[in-house]
Amino acid sequence: MFFEKLFSSDKIEGQAQENSKENIRPSYKNLRPTQKEMVNLIQKKFEEAGLPKNLALAAIVNAKFESGFDPSSVGDHGCSVGLFQLNACGGRGNGMSVGQRKDPNENIQKIIDDIKNNIGTGNIANTARRGAS
């Protein structure tokens, strides 16, 4: 898969070589099977939605940092839940149940819907910033 190749390099290009242990990029092959499943699901859903690979990659990176690819992850004192930490306390998860936000398909679909609703409006950067917050 396309994203497997992105995770395959050990070093991040263009970074200083001192402190080389800090310059290691997470390897796709080192992800747990459940994490790989989430990466592949995000990629698949974005492809099915007709969105470009760069947006899928951005979503994958976001999910890595938001939840570590754990769909049951909970943060912000219980307000943020799921792969993209959809926040029900005034954020993107408002109106969604905990179960909906823990469902990776619904969590991903919410992000896709928000992206599609903002394409061409100049608001994609704002949409990305509001994801978990």
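**Exercise 1. Determine whether Phe69 is buried or exposed, and describe its place in the chain.**

Step 1. Phe69 has a relative accessible area of 2%. Buried means under 20% relative accessible area, exposed means over 50%, and partly exposed lies in between (1.4 Å probe, protein chains only). Phe69 is therefore buried.

Step 2. Phe69 lies in the loop between α3 and β1 (74–75). Helices (H or I, at least four residues) and strands (E, at least two) are DSSP runs, numbered from the N terminus.

Step 3. The phi angle of Phe69 is near 65°, which is a positive value in a residue other than glycine.

This is a predicted model, in which local features need pLDDT of at least 70 and side-chain atom pairs count only at pLDDT 80 or more, while totals for chains, interfaces and linings use all residues. Residues are numbered from 1 along each chain as its sequence is written, and side-chain values use heavy atoms, with hydrogens and water left out.

**Exercise 2. Find the phi value of Gln85 and state where Gln85 lies.**

Step 1. Phi of Gln85 is near 50°, again a positive value in a residue other than glycine.

Step 2. The loop between β2 (80–81) and β3 holds Gln85.

Step 3. With 5% relative accessibility, Gln85 counts as buried.

**Exercise 3. Which residues of the largest nonpolar core touch the most other members?**

Step 1. Start from the term. A nonpolar core is a set of buried Ala, Val, Leu, Ile, Met, Phe, Trp, Tyr and Cys residues joined through side-chain atoms within 4.5 Å.

Step 2. The largest such core has 23 residues, and those touching the most other members are Ile42, Phe46, Leu51, Phe69, Phe84 and Ile108.

Step 3. Two or more residues of this core come from each of α2 (33–48), α3 (53–67) and α5 (104–118).

Step 4. Take Leu51 as a case. Leaving aside neighbours within four places in sequence, Leu51 is in contact with Phe46, Ile112, Ile115, Lys116 and Ile119.

**Exercise 4. Describe how α2 packs against α3 and against α5.**

Step 1. Two packed helices are described by the angle between their axes and the distance between the axes. Axes are lines fitted to C-alpha atoms, for helices over the stretch in contact, and angles run from 0 to 180 degrees between N-to-C directions.

Step 2. The axes of α2 and α3 cross at roughly 150° and come within 9 Å. For α2 and α5 the angle is about 40°, with the axes 10 Å apart.

Step 3. Sort the angles: under 35 degrees is roughly parallel, over 145 roughly antiparallel, 65 to 115 roughly perpendicular, and the rest oblique. So α2 and α3 are roughly antiparallel to each other, and α2 and α5 are oblique to each other.

Step 4. A crossing is left-handed if the near helix is turned anticlockwise from the far one by less than a right angle, and right-handed if clockwise. The crossing of α2 with α3 is right-handed, and α2 passes α5 in a right-handed crossing.

Step 5. List the residues. Val39, Ile42 and Phe46 in α2 meet Leu55, Ala56, Ala59, Ile60 and Ala63 in α3. Towards α5, the α2 residues Met38, Leu41, Ile42, Lys45 and Phe46 meet Pro104, Asn105, Ile108, Ile111, Ile112 and Ile115.

**Exercise 5. Find the relative accessible area of Ala63 and name its contacts beyond four places in sequence.**

Step 1. Ala63 lies in helix α3 and is buried, with a relative accessible area of 0%.

Step 2. Leaving aside neighbours within four places in sequence, Ala63 is in contact with Ile42, Gly68, Phe69, Leu83 and Phe84.

**Exercise 6. What does the side chain of Asn87 make a polar contact with?**

Step 1. Asn87 is found in strand β3 (residues 86–87) and is buried, at a relative accessible area of 8%.

Step 2. A polar contact is a pair of N or O atoms within 3.5 Å; within protein, one must be able to donate a hydrogen and the other to accept it, and residues adjacent in sequence count only if both atoms are side-chain atoms.

Step 3. The partner is the side chain of Ser80, at 3.2 Å.

Technical notes:
Contact means heavy atoms within 4.5 Å.
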